[in-house]
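Keep the sequence and the 3D view open while reading.

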Amino acid sequence: MKITVDRNLCDGNGVCMGIAPDVFDIDDDLTLHIADEIPDDPEVHAQVRQSVTSCPVLALTLVE
């Protein structure tokens, strides 16, 4: 599972972080950071998928 972010689209709204806080983080400058390693946990993977589909600006892409 690999996540990419289109930095031109991401506005740091934090929807993804709210859904999958173990994977996504937004810093004080509203820059999105993605964990280097995604936990091998089916629940976390489900949260990541939901985060990608819930991104209001469609900035996230998931490659499995």
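## Cavity

The count comes to one cavity of 30 Å³ or more. A cavity here is a set of points, on a 1 Å grid over the protein atoms alone, where a 1.4 Å probe fits but cannot get out. Grid points are joined across faces, edges and corners, and a volume is the space filled by probe spheres set on the points. The largest cavity has a volume of about 70 Å³.

Thirteen is written as 13 in the view: 13 residues line the largest cavity, and Cys10, Asn13, Gly14, Cys16 and Cys55 are the closest to its centre. Lining residues have an atom within 4 Å of a point. Eight of the lining residues are nonpolar, four are polar and one is charged. In this scheme Ala, Val, Leu, Ile, Met, Phe, Trp, Tyr, Cys and Pro count as nonpolar, Asp, Glu, Lys and Arg as charged, and the others, Gly among them, as polar.

## Model and numbering

This is a predicted model, in which local features need pLDDT of at least 70, side-chain atom pairs count only at pLDDT 80 or more, and totals for chains, interfaces and linings use all residues. Residues are numbered from 1 along each chain as its sequence is written, and side-chain values use heavy atoms, with hydrogens and water left out.

## Overall fold

The protein chain has two helices and four strands. Their order along the sequence is β-α-β-β-α-β. The radius of gyration, taken over C-alpha atoms, is 11 Å, close to the 11 Å that the globule rule gives for 64 residues, so the protein chain is as compact as a globular protein of that length. The globule rule is 2.2 Å times the number of residues to the power 0.38. Helices (H or I, at least four residues) and strands (E, at least two) are DSSP runs, numbered from the N terminus.

Along the principal axes, the C-alpha atoms fill a box of roughly 30 × 20 × 15 Å. Contact means heavy atoms within 4.5 Å. Of the contacts with a separation of 6 or more, 56% join residues 24 or more positions apart.

## Strand β4

Leu60 sits in strand β4, residues 60–63. Is Leu60 buried or exposed? Leu60 counts as buried, because its relative accessibility is 8%. Beyond residues up to four places away in sequence, Leu60 touches Ile3, Thr4, Val5, Cys16, Phe24, Leu32, Ser51, Val52 and Cys55.

Leaving aside neighbours within four places, Thr61 is in contact with Lys2, Ile3, Thr4 and Val52. The C-alpha atoms of Thr61 and Ser51 are separated by 9.9 Å.

## Positive phi in loops

Most residues other than glycine have a negative phi. Leu30 has a positive phi, near 65 degrees. Leu30 lies in the loop between β2 (24–26) and β3 (32–34).

Leu58 has a positive phi too, near 55 degrees. Its place is the loop between α2 (42–54) and β4. Leu58 counts as exposed, because its relative accessibility is 64%.

Notes: Buried < 20%, exposed > 50% of the residue type's maximum accessible area, 1.4 Å probe, protein only. 1 Å grid on protein atoms, 1.4 Å probe; cavity = no way out; pocket = protein on both sides within 12 Å on 5 of 7 lines; lining within 4 Å.
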